[in-house]
Amino acid sequence: MSGDDGMPREDGPDDGGFADALLEEELRQAAAVLDPVPAELLQAALDAFALHDLDARLAELTFDSLVDALPVRGVTDAPRMLTFRAGEVSVDVEVTEEGLIGQVLPPQSARIEVLGGPQTTRPLTADTLGRFTSDTPPTGPFALRLRTGGEVIVTEWLRA
Amino acid sequence: MVQSAVDGDAAAWKALVEGMSPLVWSVVRAHRLSDADGHEVFQTTWFRFAQHLGRIREPDKAGAWLASTARHECLKVLKGLARLTLTDDPRVLDRASEDRTPEESLIDSEEAADRAERVRRLWQELDGLGERCRQLLRVLMASPPPSYGEISAALGIAVGSIGPLRQRCLRRLRARMNARGAV
């Protein structure tokens, strides 16, 4: 950085540009040394390849109370309300501290699993109207896998 | 690469993960999430990317897709925190991880002590630059260098404003380093 007094100047683009590039590269090395991607996260991302499933239909998140609902004054622990949609099928889910409540619409029986990662699945019971409950609140990323009417639907991954 | 991964090529997936993880991580760190929240956002981003493989229309924009997804998840975390805890601020200050990497141990060796000191100062000075600069530089320093499209997706700022902002922030950082006599 010789000859650079560091004061803000009206440089031409190629005057301080080289010094900028050097400093940026120095920062890049600093990040690699002082704040690298944690090894266990890299492994989690590698393992996520198992979640790649072309046969399942993807139910996209179409409503998330965290983003789409107006906060209610004085209510700080309102349950998280989520709606996922895959074509004509939608899934409403309410996440509370006690667990999950939800329903498949239009009402239909379904086998449902809660996914917590590439290796973690927990079956749920749903009644003939597609209503389901779980007394275990999801921790961390989760998705629901539904088997209904001969097809498999998976909701978009979400952080609870 | 994305197409190969769609076709079931695990090596292509590995290359994607290794090439893009630093960018996703930089977005998490730029938003100053706690470690626990940050880890969950990182995982959610990759789980969702795996799920969307084959549905991503422009594979060459996978980096921007990942950056944008990570950003939105970060913003949700911050929104959830703001709603749940109105008084105390649960966010932790950005800091280097406690674990010492092999590279860090190497840099600690005596002959590299000066360089290590400069790297640490550089890192400390980032916090004094103001939020916009700190965020931009944290994403900018991902490896390999992210494109402006990816940075735009990561931070929600216009591509056209990145160049001038980058220049201003880098010069501000250099001025602070010089003021502290670290050359």
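In this predicted model, strand β4 of chain A pairs with strand β7 (residues 131-134) of chain A in the antiparallel sense, and four bridges hold the pairing. To find a spot where the two strands face each other, look for Gly102(A), which stands opposite Phe132(A) in β7(A).

β4(A) has another partner too. Strand β3 (residues 89-95) of chain A runs antiparallel to β4 (residues 100-105), joined by six bridges. Here Val91(A) stands opposite Val104(A). What links β3(A) to β4(A) in their hairpin? Four residues lie between the strands, and Gly99(A) takes a positive phi near 155°.

The two pairings can be set side by side:

| Strand pair | Sense | Bridges |
|---|---|---|
| β3(A) and β4(A) | antiparallel | six bridges |
| β4(A) and β7(A) | antiparallel | four bridges |

Now step back to the whole of chain A. Its secondary structure comes to three helices and 10 strands, and along the sequence they follow the pattern α-α-β-α-β-β-β-β-β-β-β-β-β. Chain A has 160 residues, of which 32% count as buried. Among its contacts between residues at least 6 apart in sequence, 48% join residues at least 24 apart.

Chain A also touches chain B. How many residues does each chain give to the contact? Chain B gives 50 residues and chain A gives 44 residues. On the side of chain B, the elements that give two or more residues include α2 (10-30), α4 (62-84) and α9 (159-179). α3(B) gives the most, with 11 residues. By class, this side of chain B has 25 nonpolar, 12 polar and 13 charged residues.

Methods. Residues are numbered from 1 along each chain as its sequence is written. Chains are lettered from A and ligands numbered from 1 in the order in which they are written. This is a predicted model: local features need pLDDT of at least 70, side-chain atom pairs count only at pLDDT 80 or more; totals for chains, interfaces and linings use all residues. A residue is buried if 20 or more other C-beta atoms lie within 10 Å of its own, exposed if 12 or fewer, and partly exposed in between; C-beta atoms are placed from the backbone. Two residues are in contact if their C-beta atoms, placed from the backbone, lie within 7 Å. Ala, Val, Leu, Ile, Met, Phe, Trp, Tyr, Cys and Pro count as nonpolar, Asp, Glu, Lys and Arg as charged, and the others, Gly among them, as polar. Two strands pair if DSSP finds at least two bridges between them.
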